[in-house]
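Thanks for making time this morning.

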Amino acid sequence: MLSPDQVKQPTSLYEKRKAVFPKAVDGRFRRFKWLVMAFTLGVYYITPWLRWNRGPYAPNQAVLVDLAHRRFYMFGIEIWPHEFYFVAGLLIMAGIGLFLITSAVGRAWCGYACPQTVWTDLFQHVDRLIDGDRNAQLRLEAAPWGPHKLFKRGLKWSIYLFISFWTGGAWIMYFADAPSLTRDFWSGNAAGVAYATVGVLTATTFLLGGFMREQVCIYMCPWPRIQTAMLDEKSLIVTYKDWRGEPRGSVKKAEKNPGGVGDCVDCNQCVNVCPTGYDIRNGPDIRCITCALCIDACDSVMAQVGRPRGLIDYATLEDCKSEREGGEARPISKALFHTRTLIYTGVWAAIGAALLFALGARTRIDIAVQKDRNPPYTLQSSGEVRNDYTVKLRNMETRPRPMEVTIDGLPGGRMWTDDMPREQAARSIKVLVEPDRVDPLRVYVVAPSGTAEQHFKFVLRASDAEGGGDVNDVRFDAPGEGEE
Amino acid sequence: MANKRIDEPTGVETVGHEWDGIEELNNPLPRWWVITTYLTIIFAIGYMVVYPAIPMLHSGTQGVWKWSSRGQLEAELKAAKDAKAETLAAIGATPIEQIAANKDLMEKAVAGGKAAFRQNCVQCHGSGAAGSIGYPNLKDEDWLWGGNIKEIHQTLTYGIRQPGVAETRTSLMPSFGKDGILNPGQVNDVANYVLSLSGKAPASASAQAGAAIFAANCVACHGPDAKGLRQFGAPNLTDAVWLYGDKKEQVVGSITNAHAGVMPAWGGRLDPVTIKMLALYVHSLGGGEDFAEAPSTPAAADNGNAKP
């Protein structure tokens, strides 16, 4: 069973990275990968530059994580810190989404959408652009250092650095107004953390995308380990159909010995195109990120030798078993629907629906009252009893809103604020609350002499066309019986 | 060594240990991983050189950067102080009656006053500034010596009944009972009269008798209508606020043995900016009075102090 070259005797405790020089390949999965790459990189680089008009009181950047002001803007949605559960919900959805994808199509995240994969892919295209395809790269790698190699390496690494820099540069644009941050960045006026972030991300992109590559997936990333636990016999994985391919033999050998040789012509194309340098014919392994490029490579070879495609293909372990026993290959679409994927989809969609409902039902106006408890009350010289409150009016709209705060209950009670004379104390006061703000208001409430301690309500109403309001129940303290 | 063998599916040698059938493959470690380990060791050496690290007999090594948590605290305190310097200078430079016009400065001044109040004033006036018997409540709108911002500032700076301070607020009520000016019956009558002014005692014959005694002895300071006179710090006797209590025996006690409360002259103890901030804080507690600007600078009259 074991061929001699498969038996590795560890000669050293440590092993130098075996550089991978994946060959360019074309095919349906490669084209899909191009699409995903264009989409993900496009989203990453372009999103911060999209504008979104929110009026004069809010930033006009479509997607903005405004840490300084504790606001998160995403197109028409604005999230405040107290609504962080939306973000938590989105993260949970992202997590369950990964479970769903994994249980349905295996490590599709790793193979197509993971930033490590996308950037590694990008850098490998840079390799091909500068050094040529696999064979040229291998030759250059083996060549001694000379002007030519120095030039090529210098050029390639400069391009790596350039891409890495823009990767870091794009990241910070999500946290501030992109055009003005760009201006500040180049004029040296941006915050130190902006330069530090760009520096760190440039370094990590350069290192992880340019040099570490598959080492990240195999040794650093926890996700492949977690995924191993989430895959089951119903999950689609990239599989070499060994019952069809073995024993391997060239086309000539097959002609000489009809029926004695499998479909695999042992051309090694599947290994040559693999971005992690794995031989999928050895079976599922953590090194297989299921990018499916080996499927493309094998399909084109099968087409050349006139054999049906799919010697290496997406298949579930269950399907493999039935195919091995002579069953028909099941279409991939059928493999997508089984109990686990349906449950994950249900949970994912339920959380999404709950978030959407919460988003639609959330109020944009709020009153929160805190009573001064030391002292509980103050006796005015007129004999009236005064209680002091800090009233917080929250206006989440991006425009100033006229609001009215009214006392509900507390017979004879009147109030005034720091912004008005005491003589104008009234049952209700009008306030213009600034846009996108929580305005704290000191409110002094007096009630006639002899008022007993009781509860009453502060009622908040928006006096504009949109309306809406909120109520807060508070306590009113007063001198009690026998207390002086 | 134990049971080393070649694992057939992977072709890798095992390390020779086995736990319930689980064996470990002896795959080599990636070289960059080892290099990373060496880098962390180099980092650790550098860290030990620049930061305190090695325990010695009495203290540890200090490190070439001379960092210490105490030093960091000092630096942070200094930074905080420096950060406040500009605000404090602005408060110092602005006339006290004009600070309220600058909302931001006012907020900071009141916050600073609150902090200073906690340190210097709560012992008598209470942490909520509500006072107690003998110590005025600073939240209400009843002021013995005046409640606008300048008067509060004056009271704070020079104190009350401070010997040796020329501008101190001072006055002295006679101990009418103790000194024999009034006999106990007369004291009782006056007490009944004073309490009747705010409806706390009936308009009895005793109270009517007290009215005459009041007119003869008390109006000089408390005024003919008993509403007090701020120039003497004489309290209004017709309202609901009673510094020394509104019970009959408390009023009798006040007439018999007059009280003369004191407050330190903070001018000699605190810096001028802190006193300013304290005055603004006390004024902001809900009972502060408007400051009527002297006619000489009418333009500044509506600058702030819109406070009730």
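Leaving aside residues up to four places away in sequence, Ile312(A) touches Val238(A), Tyr240(A), Cys270(A), Ile280(A), Cys294(A), Ile295(A) and Cys298(A), where contact is taken as C-beta atoms, placed from the backbone, lying within 7 Å. Before going on, please keep in mind that this is a predicted model, in which local features need pLDDT of at least 70 and side-chain atom pairs count only at pLDDT 80 or more, while totals for chains, interfaces and linings use all residues. Residues are numbered from 1 along each chain as its sequence is written, and chains are lettered from A and ligands numbered from 1 in the order in which they are written.

Ile312(A) is, together with Leu293(A) and Cys294(A), among the residues with the most contacts inside the largest nonpolar core, which has 42 residues. Such a core is a set of buried Ala, Val, Leu, Ile, Met, Phe, Trp, Tyr and Cys residues joined through C-beta atoms within 7 Å, and buried means that 20 or more other C-beta atoms lie within 10 Å of a residue's own, with 12 or fewer counting as exposed and anything in between as partly exposed. At least two core residues each come from α2 (85-105), α3 (108-113), α4 (115-131), β5 (236-240), α14 (293-304) and β6 (312-316) of chain A, these being DSSP runs numbered from the N terminus, H or I of at least four residues for helices and E of at least two for strands. The largest share, 6 residues, is from α14(A). Because domain 1 (15-229) and domain 2 (236-326) of chain A both give residues to it, this core lies between them; the domain bounds come from an automatic or database domain assignment.

Some backbone details in chain A deserve a look. Ala292(A) has a positive phi, near 70°, although it is not a glycine; this residue sits in the loop between α13 (269-272) and α14 of chain A, and it is buried, with 25 other C-beta atoms within 10 Å. The peptide bond from Glu246(A) to Pro247(A) is cis, with omega near -10°, and Pro247(A) is in the loop between α11 (242-245) and α12 (251-256) of chain A. As background, most residues other than glycine have a negative phi, and most peptide bonds are trans.

Turning to chain B, which two helices pack at an angle of about 100°? They are α3 (residues 103-120) and α10 (residues 272-283) of chain B, with axes 7 Å apart, the axes being lines fitted to C-alpha atoms over the stretch in contact and the angles running from 0 to 180 degrees between N-to-C directions. That makes α3(B) roughly perpendicular to α10(B), a label for 65 to 115 degrees, whereas under 35 is roughly parallel, over 145 roughly antiparallel and the rest oblique.

Lastly, between the chains, 29 residues of chain B are in contact with 31 residues of chain A. On the chain B side, β2 (12-19), β4 (29-30) and α1 (31-50) each supply at least two residues, and the largest share, 4 residues, comes from α1(B).

How values were computed: Two residues are in contact if their C-beta atoms, placed from the backbone, lie within 7 Å.
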